[in-house]
Amino acid sequence: MGNKIQYPKPKILKNVFIRQLLAVLALAIGTGLLVIFCNTQSSGISTKFQHSDYSISLSLPSPKPHPLPPTLAQWQDNTNSGDYFSQITPTQVGYLVWSQFPIRVYVETPTAINSQQAQAWVNSVLQAVQEWNVYLPLLVVEQPQVADISILRKAPPLKISPNDKIPRARSALTTYELYTHNKVLLHRFTILLSPSQTGNYLLAAVRHELGHALGIWGHSPLQTDALYFSQVRQPPPISARDVNTLKRVYEQPTSLGWSL
């Protein structure tokens with residue numbers, strides 16, 4: 001299939017990190033700090049602290065499933081294509097499902113390129129948003145501060161691993177943060193797309209990364225799926241297997257969307 005770009009693997013927080021982080025949270029109580037967990041797909045685990053008017057609870061909500069959104073409840077695969085749910089990684093809060101719809105998506109208009117190129121970039125991103133909108137309700141918003149998912153034309157940080165002597169560039173990176181609002185545990189995503197991605201490769205990268213942000217926190221082993229672990233010469237559209245996997249994810253328990 002020609003040259004392939006390896007997508008980064010999603011990672012999960014380990015129990016020991018949770019215990020350490022809860023100790024940090026305990027110190028933060030009473031100081032007006034909100035601790036936001038940050039899980040990046042390939043650059044490890046970090047925490048960010050932001051000022052807030054309240055602190056989060058030390059205990060996570062018990063994982064429970066949410067009702068299926070109507071678009072997924074009505075989905076039927078007449079081809080019996082199967083899924084790759086076994087490849088999906090649960091996180092420290094369960095599966096990364098959304099429970100409030102529509103999911104708000106902010107697409108940043110690039111400024112480092114001319115207006116024609118910027119509009120072409122935005123159009124490719126919006127096409128991928130529209131493709132996923134068939135299966136989950138999405139709403140493009142103008143203000144980044146109200147977005148659930150933010151998509152930026154920005155080079156992801158270099159990938160550095162113990163086995164690599166030379167840092168490697170990445171075509172895209174999807175990260176999520178956990179936060180609370182009205183004592184409900186919520187999450188939000190940021191998608192970074194390398195400026196080197198153009199044309200069909202850009203569309204494929206957005207389609208792939210949006211799949212992660214909508215809940216498919218893992219990769220497919222088949223090249224015919226949008227969530228295949230590598231970029232291929234002729235990128236596939238969203239497949240029935242992608243949607244089957246998404247539906248199974250939304251049937252799983254999660255702490256997200258529930259009161260602390």
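**Figure 1. The largest cavity and its lining.** Helix α4 gives the most to the lining of the largest cavity, with three residues. In this predicted model, the count comes to two cavities of 30 Å³ or more. The largest cavity has a volume of about 80 Å³. Its lining is made up of 13 residues, and those nearest the centre are Ala 204, Ala 226, Ser 230, Pro 235 and Pro 236. The elements that contribute two or more residues to this lining are α4 and β9.

**Figure 2. Helix α4 and its surroundings.** Helix α4 comprises the 15 residues 199-213. From its first C-alpha to its last, the helix reaches 21 Å, close to the 21 Å expected at 1.5 Å a residue. The helix is mostly covered, with 12 of its 15 residues buried. Among the buried residues of α4 are Leu 202, Leu 203, Val 206 and Leu 210, and also Arg 207, His 208, Glu 209 and His 212. Ala 204, one of the residues nearest the centre of the largest cavity, is likewise buried. The cover over the buried residues of α4 includes α3, β6, β7, β8 and β9. After the helix comes Gly 215, which has a positive phi, near 135°.

**Figure 3. Strand β8 and its two partners.** Strand β8 spans residues 184-193 and is mostly covered, eight of its 10 residues being buried. Strand β6, residues 149-153, runs parallel to β8 and is joined to it by five bridges. Within this pairing, Ile 149 stands opposite Phe 189 of β8. Strand β7, residues 172-181, pairs with β8 in the antiparallel sense over 10 bridges. Here Ala 172 has Leu 193 of β8 as its bridge partner.

**Figure 4. The hairpin of β7 and β8.** Two residues lie between the strands of this hairpin. In the hairpin, Asn 182 takes a positive phi near 50°.

**Figure 5. The largest pocket.** The space in the largest pocket amounts to about 550 Å³. The pocket is lined by 32 residues, of which Ala 147, Asp 148, Tyr 179, His 187 and Arg 188 lie nearest its centre. Strands β4 (103-107), β6, β7 and β8 each supply at least two residues of the lining. The most is given by β8, with seven residues.

**Figure 6. Helix α5 within the structure.** The buried residues include Ala 240, Val 243, Leu 246, Val 249 and Tyr 250. Arg 241, Asp 242, Asn 244, Thr 245 and Lys 247 of α5 are buried too. Helices α2 (70-73) and α3 (115-133) are among the elements that cover the buried residues of α5. Helix α3 is also part of the cover over the buried residues of α4.

Figure 7. The protein has a mean pLDDT of 82, and 74% of its residues reach 70 or more. Over residues 1-5 the pLDDT stays under 50, and the model has 15 contacts beyond four places in sequence for these residues. The pLDDT is also below 50 over residues 10-57, a stretch with 102 contacts in the model beyond near neighbours in sequence.

Notes
Residues are numbered from 1 along each chain as its sequence is written. This is a predicted model: local features need pLDDT of at least 70, side-chain atom pairs count only at pLDDT 80 or more; totals for chains, interfaces and linings use all residues. Side-chain values use heavy atoms; hydrogens and water are left out. Buried means under 20% relative accessible area, exposed over 50%, partly exposed in between (1.4 Å probe, protein chains only). Helices (H or I, at least four residues) and strands (E, at least two) are DSSP runs, numbered from the N terminus. Contact means heavy atoms within 4.5 Å. pLDDT is the predictor's confidence in each residue, from 0 to 100. Two strands pair if DSSP finds at least two bridges between them. The expected span of a helix is 1.5 Å times one less than its number of residues. On a 1 Å grid over the protein atoms alone, a cavity is a set of points where a 1.4 Å probe fits but cannot get out, and a pocket is an open set with protein on both sides within 12 Å along at least five of seven lines; lining residues have an atom within 4 Å of a point. Grid points are joined across faces, edges and corners, and a volume is the space filled by probe spheres set on the points.
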